[in-house]
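Open the structure in your viewer and keep the selection tool at hand. The tour moves from one selection to the next and says what is found at each stop.

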Amino acid sequence: MKLSCVIKGTHYSFSSVRDVLAKASEPKSGDVMAQVAAESSLERMASKVVLSEMLLKDIFENPVIPYETDEVTRLIYDDISETIYKDIQNWTVGELRNYILSYETGPDQLIKISRGLTSEMIAAVSKLMSSMDLVLASQKMKYQAHCNTTIGEPGRLAFRCQPNHPNDVPEGILYSIKEGLSYGAGDAVIGINPNVDTVESLKRLYTLSHDFMEKWKIPTQNCVLAHITTQMEALKQGAPVALMFQSLAGTQKGNEAFGISKGIVDEGYEMMARYGTSTGPNYMYFETGQGSEVSLNAAHGVDMQTLEARTYGYARHWKPFMVNNVSGFIGPETLFDGRQLIRADLEDLFMGKLHGLPMGIAPTYTNHMDANQNDQEIAGMLTALGGANFYMGVPGGDDVMLNYQDTSYHDDASLREMFGLRPLREFEKWMENMGLMEDGKLTSRAGDLSIFD
Amino acid sequence: MDIQEIVRKVVEELSKEKKVIKEYVEPIKEDSIRFPEKQIKGVKEPHNAASIDRAQSITPARIGIGRTGTRMQTTSYLQFLIDHAAAQDAVLKDVSDEFLQKIELKKLETKAKDMKTYLMDLDSGRKLSDESVAWLKENGDKDKDVQIIVCDGLSSSSIEANIEDLLPALMQGLQLKNISTAKPIFIKRGRVWVQDEVAAIINCNLVISLIGERPGLNTDESLSAYMIYRPDEKSVEADRTVISNIHKEGLAPVEAGAHLSELIEQMLRAECTGISFARKSNINL
């Protein structure tokens, strides 16, 4: 394995695969904070050169965190198809990029090699790709999943209705649900972040959303985004749960900080198959985002993007219905500004898809970042062009409980409008029956929460 | 004593000592534009207008605002941008020394020398400065059940808006339960994890940080309480219990103080916080 190169008359050398991967990342503040980023623009280019010549085998044989000490590494390697991996092990990362972007490579070829790629290989190739590369490659991959509805069908774009209230006031949550549905947001899921993470509080919110869905015969799924163990307890006590949520990280230490392990997620998955209200077979909703590990001192000297890819490698084990990328939720110490945010969103969409996942994107920003609404909208439009399965839907783009900005009900309707996309099949019919949509366009009744009176 | 009773007592106590502060406000010119701050009722010909009134009164979420095409109407769009501008400005403000003097909190500092370091380097806000470590070792209130820390975090406004109500409510709640409490301290540019270092120095059973949340568009006054029982090197995030959204439109500060004292009593009894505490309390239910 070659770990050094000469460019512009200067010799650059790197200490490991992990070092090359980190330095080949596009500039991001979290990698600077972790002291793993390239120190100059030319050093970054030198690492990209070394990476482009690296064999997939070199990456396979040098996981960034050892198999023996990390559960995430183990799950990624145990789930790989050895046969497919052996066919491509002698490709360089540069050749992998050419293969992905070639006319001859379509969706079938990509899902096949996906099963032979470790997450580090997927991170590696995306470090050699530009924004257009990432969008074009993402367009080739679109994966479906089924809970109560089918997400990811061509020509369709779904949204989570995110009706949070700072104090979990049920009536307030219900009004935001009605508003969202009247704009066509809620076909992915009606997903509430509770402020109070107790079983009693969760049971109330599950019942509230479930009963509303039943009353108005809304084809979707409900979810309360609390810690998985609290959801499991609520489920055990009979709460109507259609989709189970958890945030994931790309290292075992990161997941321990989240209070989870493979064993816990396995148990949650099995409980959903047995006691959940939904059809399945996809019962899980995961959230991920670049920077969670470095914020939790759990990055092991690995760059944020590679750890994000590993999170997808971990997530795919449970065949989720939704994987939502929330890079940008943390703050400027991980993604400094709009440029870093947009880049991360494009990388994450591509990397998630190359893992075969039904990806959605939350192009979010916080108020202490150097980013604004324009950056968010650009990230939203570009990832929609790349074929994201879903986005969030937050009233007026302002989450009054979590204190950050995300795509609004208005943005959701706008993305469908500008790309000619429809709601999920069953949900579109429901909207037509409610008089909210005709031929894929909102009617004059849409945007009025009081139609449910 | 139940929460209602504690809240009543504390409110009574606080109303006695509330001071009125008058600030100088520049006079507004007659012909100035007065841009609406409340959400507009932008739905054209609503099915039931009363329902939209009710909705807007019960949640601060931006609903009932209507649309033009699929976009927000001009007023709502500008309101959103104004709130974003205010929130960005709020991050950069400091808690005033006068305020700290008024509520009699000793000010300690972290290794974050300035705002930029604080924002970009998490570790700098997780460790006390050498001088503050020395002060705490010398003067800290040792071997108590509870240490309360007030931290500006990402919003000094949240400290100035809530602490005058929240801190006395919490202190009185703990006192009524005979829980020994160290003298509270203020830590400038502190992150949550700085509580671990403080707990180690003063050897308390439980440490609680009242810390300013990152400002949202709806409010820059929101505060969170993070609690951990006897933190050590092995502690992880899931070992902390957090109560967030403490502000006048969320969990009101006086009620929060009472609620937190109740929680702390249970945590001291359970000898844990975080996921382990949640599990134990669920079993007990």
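In which crossing, right-handed or left-handed, does α6(B) pass α8(B)? Keep in mind that this is a predicted model. Select residues 130-139 of chain B for helix α6 and residues 194-202 of chain B for helix α8. The crossing of α6(B) past α8(B) is right-handed.

**Stop 1: two helices in chain B**

Packed helices are described by the angle between their axes and by the distance between those axes. For α6(B) and α8(B), the axes come within 9 Å and the crossing is at roughly 35 degrees. Show side chains next: V133(B), L136(B) and K137(B) belong to α6(B), and they meet E197(B), V198(B), I201(B) and I202(B) of α8(B). Sorted by class, this contact has five nonpolar and two charged residues, and no polar ones.

**Stop 2: a helix later in chain B**

Now select residues 253-270 of chain B, which form helix α9. The helix has 18 residues, and its first and last C-alpha atoms are 25 Å apart, close to the expected 26 Å. Which residues of α9(B) are buried? Colour P253(B), V254(B), A256(B), G257(B), A258(B) and L260(B), then S261(B), L263(B), I264(B), M267(B), L268(B) and A270(B): these are the buried residues of α9(B). In an α-helix there are 3.6 residues a turn, so residues three or four places apart point the same way. Step past the end of α9(B) to E271(B), where phi is positive, near 55 degrees.

**Stop 3: chain B as a whole**

Zoom out to chain B, which has 10 helices and six strands. Along the principal axes, its C-alpha atoms fill a box of roughly 65 × 45 × 40 Å. Of the 285 residues in chain B, 52% are buried. Take the contacts in chain B between residues at least 6 apart in sequence: 70% of them join residues at least 24 apart.

**Stop 4: a sheet in chain A**

Move to chain A and find the open sheet of four strands, with the order β8-β9-β10-β11 and parallel pairing. Its edge strands are β8 (244-247) and β11 (359-361), each pairing on one side only. Neighbouring strands are turned by 20 degrees against each other on average, with direction ignored. Helix α17 (residues 304-315) of chain A packs on this sheet and touches β9 (284-288), β10 and β11 of chain A. The direction of α17(A) makes about 170 degrees with that of β9(A).

Within the sheet, select β10(A), residues 322-325. Three bridges pair β10(A) with β11(A) in the parallel sense, and N324(A) has G360(A) as its bridge partner in β11(A). Four bridges join β10(A) to β9(A), also running parallel, and here T288(A) has N325(A) as its bridge partner.

In a regular strand, side chains alternate between the two faces of the sheet. Are the residues on the two faces of β10(A) buried or exposed? M322(A) and N324(A) on one side, and V323(A) and N325(A) on the other, are all buried.

**Stop 5: two helices in chain A**

Last, select helix α10 (residues 131-139) and helix α18 (residues 338-354) of chain A. Their axes come within 9 Å and cross at roughly 35 degrees, and α10(A) passes α18(A) in a left-handed crossing. Among the residues that meet are L134(A) and V135(A) in α10(A), and L346(A) and F350(A) in α18(A). By class, this contact has six nonpolar, two polar and three charged residues.

Definitions and conventions: Residues are numbered from 1 along each chain as its sequence is written. Chains are lettered from A and ligands numbered from 1 in the order in which they are written. This is a predicted model: local features need pLDDT of at least 70, side-chain atom pairs count only at pLDDT 80 or more; totals for chains, interfaces and linings use all residues. Side-chain values use heavy atoms; hydrogens and water are left out. The expected span of a helix is 1.5 Å times one less than its number of residues. Buried means under 20% relative accessible area, exposed over 50%, partly exposed in between (1.4 Å probe, protein chains only). Axes are lines fitted to C-alpha atoms, for helices over the stretch in contact, and angles run from 0 to 180 degrees between N-to-C directions. A crossing is left-handed if the near helix is turned anticlockwise from the far one by less than a right angle, and right-handed if clockwise. Contact means heavy atoms within 4.5 Å. Ala, Val, Leu, Ile, Met, Phe, Trp, Tyr, Cys and Pro count as nonpolar, Asp, Glu, Lys and Arg as charged, and the others, Gly among them, as polar. Two strands pair if DSSP finds at least two bridges between them.
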